[in-house]
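Please look through the sequence and the model below before reading on.

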Amino acid sequence: MAYRVWLPAVAALLLSSLSPSDAFSHPPAAPRPLALRSGGASCLFMTQGRGGEPPHQQSLAEGSKSSREDTLLISRQPGCGQAAGRGEWSRRAALAAASAAALSWLSPSTVNAFDNRSTPKSSNKPNPGEPAAGVGAGVPKEGGTLAKCGYAPNCFSPYGSKEQDVDHYYAPWSVSKGREEALGDLVRAVEAYPPGQEDIDEGGWEIEKQGDGYLWVVFESGVYGYKDDLEFAIVKEGQVQVRSASRLGYTESGVNSKRINWFADYLAKDPAWKVERIGKSNYPRYFRENLVRYKNPQPQG
């Protein structure tokens, strides 16, 4: 679930504190509409940048957390009482960006939603974003891995090692099957995936690329049409790399962990597969910043 910021109110708040000379000179490029993932109460911060970068923001208000936008970014940070001196940007830029985003609501559009969605199509504007560089490229070259994650706690990847990136590194799975048979298992798992499980991916999913030991699946949220990418790459006999990442925003309320864990549980029913679940014990920052909640009791990860 995601919440949309009421941008006219944001614009009014900013306008009230502008001086005449601070108003509309040199406005920034117009961003896409703001949208927030649901979560616990925390500070809102506004900045310019991409969702994968560390947020250095100016304190705005109390409310929900984490934008999934990459131009005008709202996210959660500890220490809510003080404005961040570093990375603070002018009120006129914030006002111009918020106003431009508010105007974009006037253009009709609907969330795309795939045919296998679990909820009716929403009338909200979609927020598809773009896949990270390297997504869709297929099986990495020998010795390589799927794309690394950024700073944000919204991604898991086999890039690097646990020592190098304790928050994002996700170890490859092992399987005692040949490449084609293992890929067949992965495809069947995707085909069995139920949109809406644990209240995620209600907009459904679609296989974007399949073959030669590689599988790329795009998932969509039900209300605001956020798209996430899941990749499987059989890099050598018996080893499967897994990467799941959100395209937009900073936090994502646990969708990537819930998605990976569903596939891990499904494949673990076959003793040929050895997988790792994502849990609080091995990814404490991810669970803390995303305020992850499961509907059903989960095994310890």
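## Surface and burial

The accessible surface of the chain comes to about 13600 Å², and 53% of that surface belongs to carbon and sulfur atoms; accessible areas are computed here by the Shrake-Rupley method with a 1.4 Å probe, and for residues only the protein chains shown count as cover. Of the 301 residues of the chain, 51% count as buried, where buried means under 20% relative accessible area, exposed means over 50%, and partly exposed lies in between (1.4 Å probe, protein chains only).

This is a predicted model, in which local features need pLDDT of at least 70 and side-chain atom pairs count only at pLDDT 80 or more, while totals for chains, interfaces and linings use all residues. Residues are numbered from 1 along each chain as its sequence is written, and side-chain values use heavy atoms, with hydrogens and water left out.

## Elements and contacts

The chain holds five helices and 12 strands, which are DSSP runs numbered from the N terminus (helices: H or I, at least four residues; strands: E, at least two). Among the contacts in the chain with a separation of 6 or more, 66% are made by residues 24 or more positions apart, a contact being heavy atoms within 4.5 Å.

## The nonpolar cores

A nonpolar core is a set of buried Ala, Val, Leu, Ile, Met, Phe, Trp, Tyr and Cys residues joined through side-chain atoms within 4.5 Å. The largest one has 34 residues, and those with the most contacts inside it are W173, L186, F232, V240, F263 and W273. Among the elements that give two or more residues to this core are strand β7 (173–175), helix α3 (179–192), strand β10 (227–236) and helix α4 (255–268). Apart from this core lies another, of seven residues, including V135, W216, V218 and A233.

If residues up to four places away in sequence are not counted, W273 touches W173, S174, V175, K177, A182, D185, L186, V240 and L267.

## The disulfide

A disulfide is a pair of cysteine sulfur atoms within 2.5 Å, and by this rule the count comes to one. The pair is C149 and C155, whose sulfur atoms are 2.0 Å apart; with -70 degrees about the S-S bond, their link is left-handed. C149 is buried, with a relative accessible area of 12%, and C155 is buried as well, at 3%.

## A lysine in strand β10

K227 is found in strand β10, and this lysine is buried, with a relative accessible area of 14%. Although K227 and R247 are 20 residues apart along the chain, their C-alpha atoms are separated by 6.3 Å.
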